[in-house]
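This report concerns the pairing of aromatic rings. A pair of aromatic rings is described by the distance of the centres and the angle of the planes.

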Amino acid sequence: MVYDGILIGLIVGLFRGGVRYGLHQFATLRLRSGWIFPLLLLFQFGIFYLQERWSWVASINGYLFAAVYVTGLVFLWLNRHHRGFTLIWIGVFLNFLVMAVNGGRMPVSVEASAVLGPYYVDLLREGGAVSKHYMMDASTHLAFLGDIIPLSNPYPRTQVISIGDVVMNVGIFLFIQYMMVDRGTKAVPSAKTETSETYQPQ
């Protein structure tokens, strides 16, 4: 759901701050160890791609995703001085926590996943993991942090999300708004200026 927060933030930011100011602000953004973020995205896409082709990758994908989360948490912590990054860190940590205590996979509520259709539900019920997800059951730890929130119409994209996803996307939204909306304030006239403007010689 991270892409949702980015997209919604950009759309609202463009309406509030405009293209010119918003894009200029992003062009001046400097992140500590900024190379980590695109590398993590590529690595994660690589896991999704290879686990469908190589069984040994699928067998260790829980550890691979855990490494992605830990590295991402370090990156976010290094940049926590930016507006919204603390919330993003908390959201990512909540997702990492529930995955860590459940074998490296995100537990998904069968009831909530009904919005995704019978095919997805059947995959969960069969006991096989769907990507990094698995069916939530009585043995699931910290189930309330799993994917338990269904989204469907009128939301434009049907999906099931977690509390961590919500917190993370709020942080993303706040960061993008901070970057794209003009934060400048009108200058307060000095006492000298006020005097010169208000005093009229007789």
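The model is predicted: local features need pLDDT of at least 70 and side-chain atom pairs pLDDT 80 or more, while totals for chains, interfaces and linings use all residues. Residues are numbered from 1 along each chain as its sequence is written, and side-chain values use heavy atoms, without hydrogens and water.

Five aromatic pairs are present in the structure. Rings of Phe, Tyr and Trp (its six-membered ring) pair if their centres lie within 6.5 Å; planes under 30 degrees apart count as stacked, over 60 as edge-to-face and the rest as tilted. Two of the pairs are tabulated here.

| Pair | Centre distance | Plane angle | Class |
|---|---|---|---|
| Phe37 and Phe75 | 6.3 Å | 25° | stacked |
| Phe85 and Phe175 | 5.0 Å | 75° | edge-to-face |

Phe37 is partly exposed at 41% relative accessibility, whereas Phe75 is buried at 5%; buried means under 20% relative accessible area, exposed over 50%, and partly exposed in between (1.4 Å probe, protein chains only).

Phe85 is buried at 5% relative accessibility, and Phe175 is buried at 9%.

Trp77, Trp89 and Phe93 are linked into a cluster by ring pairs. Arg80 lies over the face of Trp77, 4.2 Å from the ring centre; the criterion is NZ of Lys or CZ of Arg within 6 Å of the ring centre and within 35 degrees of the ring normal.
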